[in-house]
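Q: I am new to this structure and would like to learn how to read it. Can we go through it one feature at a time?

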Amino acid sequence: MRTSAYFGLLIVIAILALLPFVLPNSFYLDLAIRMAINAVIVLGLNLLIGFAGQISLGHAGFLGIGAYASAVLPTHFGLHPLLAMGAGAALAGLLAALVARPIFRLKGNYLAMATLGLGIILNIALRNEAAWTGGPDGMPVPAFGLAGFELSSDRQWYWVAAALLTVSVWASLNLIDSPFGRALRALHGSEVAARVVGVDVARYKLAIFVMSAVFASLMGSVTAHYVGFVTPGVADFFHSIELVTMVVIGGMASVYGSLVGAVLLTALPQALTAFEGWETVVFGAILMLCMIFLPRGLVPTLAARFGRAA
Amino acid sequence: MLAQFLQFLFSGVTVGATYALAALGFTLIYNASNVINFAQGEFIMLGGMLAVFFAQSGLPLPAAMLLAILIPAGVGVLIEKLAIEPVKGAETVSLIIITIGASLVIRGLAAVGFGKGTFSLPAFSGDTPIDVLGATLMPQSLWVLGVTAAAVGALWYFFNYSLAGKAMLATACNRTAAQLVGIDTNGVLFLSFALSAGMGALGGILIAPLTLTAYDVGVMLGLKGFVAAVLGGLGNGLGAVVGGLLVGLIEALGAGYISSAYKDAIPFVLILLILFFMPRGLFGARLTERV
């Protein structure tokens, strides 16, 4: 890991450590928790979009798998929440591998179409199987506990989310500089060149896609336990778009960009309440303007302007 | 038994015609620019909503329809000029996001302008169903099929016998070569957005009397049109039409015989199967990538 990257990680840790002491009330604490959870999801998705150059338009589907695994398995089968979380992640990973394996042998951005289809099918299934999932109304999620200790207060959840985020940032930074990360970056530069120097392109793409799906499912479970309730909305197409937008606005292939994207877009709906009824319009306009004027995203563009590597 | 099958067939082909028009829209824009326009569904929605709006404000139906096609075409051109042309050559991911942003803006404006209720357009020639071997066929279905066939025919004529159409084909085939022989490829891009938005809007108007319309119908209609375009082989005009009809048919038969609750899921199961087993679609060309 480069020193500049370490420096960034220290700043992230410092901000996370100080934040709960400066936040005025529980509303902001809740916002911070959701920002941190989104940031972890976006980190995973950014590895796929930014490094493998593939876009997933159904990532909320994987989030939904995790969220509903944590809701359905403990409720209907009495499974321990930790096991349920693991089962969800395994299912998401398996499904991702199953769908992506044939896709990655093709050239072009077919993953976008396949994930789009997968996400919509999952969402429809969640809405229809009301006996298991509560249908469009959703269902409650039991609290998360380990060895007699139960996570309940927002404070506790904040430290859990902050710890998860720190570990994820650290892991992403390491991953990018590992041989695996170098192979991914080569692949994004030129697939043919990467193949010529011996990178198994299809296998690396598959690995990163499965990883990001597992990431999403785990964080889906965490969100479900934190909120205490799930609805099919977690898995809908619009949520997938939101996640992709976080990646793109923050900056593709930028670890800190992912954090910035997640923070900004999680705060955006709060900021847009002033535009009652116009939220969708403003959201769409921001997307377009960002892509037209800042095609590389906020963090890489600003970093280039101030002459520092991000 | 036969009557039931015919019933599914009629409804499938009717909806399929709308998917076919949407798929043609995807194909036109994809050929001119390699952009997959995720705002295509919003043109369908705009067509239906504007037709309702103009018809309710007292315009005769043909005039309302004409306006409901021209305005979305103008919106399409606006998107091309303001959002697609400035970023030409950007990554696929960026282009997909721009069109998604455009779709959100259009849908949001429609929700603000028309409200979030559902609207219906009166059928073009009455609601007396026609009895065909025990199945009922709405006169509007005939309108949908007839007008769609006429539009497809006109488009075919345009591509084969007009200079502008041939210029579009040439650009789709090889953009640089087209530029070298003096074709205004920006003009082609402009035209393809106008045409594809107009096609989508036409589909939206035709289907509105049968299915009701609302500010958010564009998402599903657009995505299914996209499935149809992929099924036919992305970039192939004939494929788009056949793909649209097939998707409509499979959806109607699946909803009728398997599960109506999963009706909307059927086209997306289809797209996964296509990608696994025949990624070039029914009529797609074999491509080799040059390095």
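Predicted model: local features only at pLDDT ≥ 70, side-chain atom pairs only at ≥ 80, totals over all residues.

Q: What does the radius of gyration say about chain B?
A: The value is 19 Å, close to the 19 Å that the globule rule gives for 291 residues, so chain B is as compact as a globular protein of that length. Its C-alpha trace spans about 60 × 45 × 35 Å along the principal axes. Of the 291 residues, 51% count as buried.

Q: How are α1(B) and α5(B) oriented to each other?
A: Two packed helices are described by the angle between their axes and the distance between the axes. Here α1 (residues 2-33) and α5 (residues 139-161) of chain B pack at about 30°, with axes 9 Å apart. Angles under 35 degrees count as roughly parallel, and α1(B) and α5(B) are therefore roughly parallel to each other. Their crossing is left-handed.

Q: Which residues make that contact?
A: Among them are F10(B), V13(B) and L24(B) of α1(B), and V144(B), T148(B) and L155(B) of α5(B). By class, the contact has ten nonpolar, three polar and no charged residues.

Q: How many residues does each chain bring to the contact between A and B?
A: Chain A brings 36 residues and chain B 35 residues. On the side of chain A, α5(A) gives the most, with ten residues. That side has 28 nonpolar, seven polar and one charged residues.

Definitions and conventions
Residues numbered from 1 in each chain as written. Chains lettered and ligands numbered in written order. Axes fitted to C-alpha atoms, helices over the stretch in contact; angles between N-to-C directions. Helix = DSSP H or I, 4+ residues; strand = E, 2+ residues; numbered from the N terminus. Parallel < 35°, antiparallel > 145°, perpendicular 65-115°, else oblique. Left-handed = near helix turned anticlockwise from the far one by under 90°. Contact = placed C-beta atoms within 7 Å. Nonpolar A, V, L, I, M, F, W, Y, C, P; charged D, E, K, R; others polar. Rg over C-alpha atoms; globule rule 2.2 N^0.38 Å. Buried ≥ 20, exposed ≤ 12 C-beta atoms within 10 Å, placed from the backbone.
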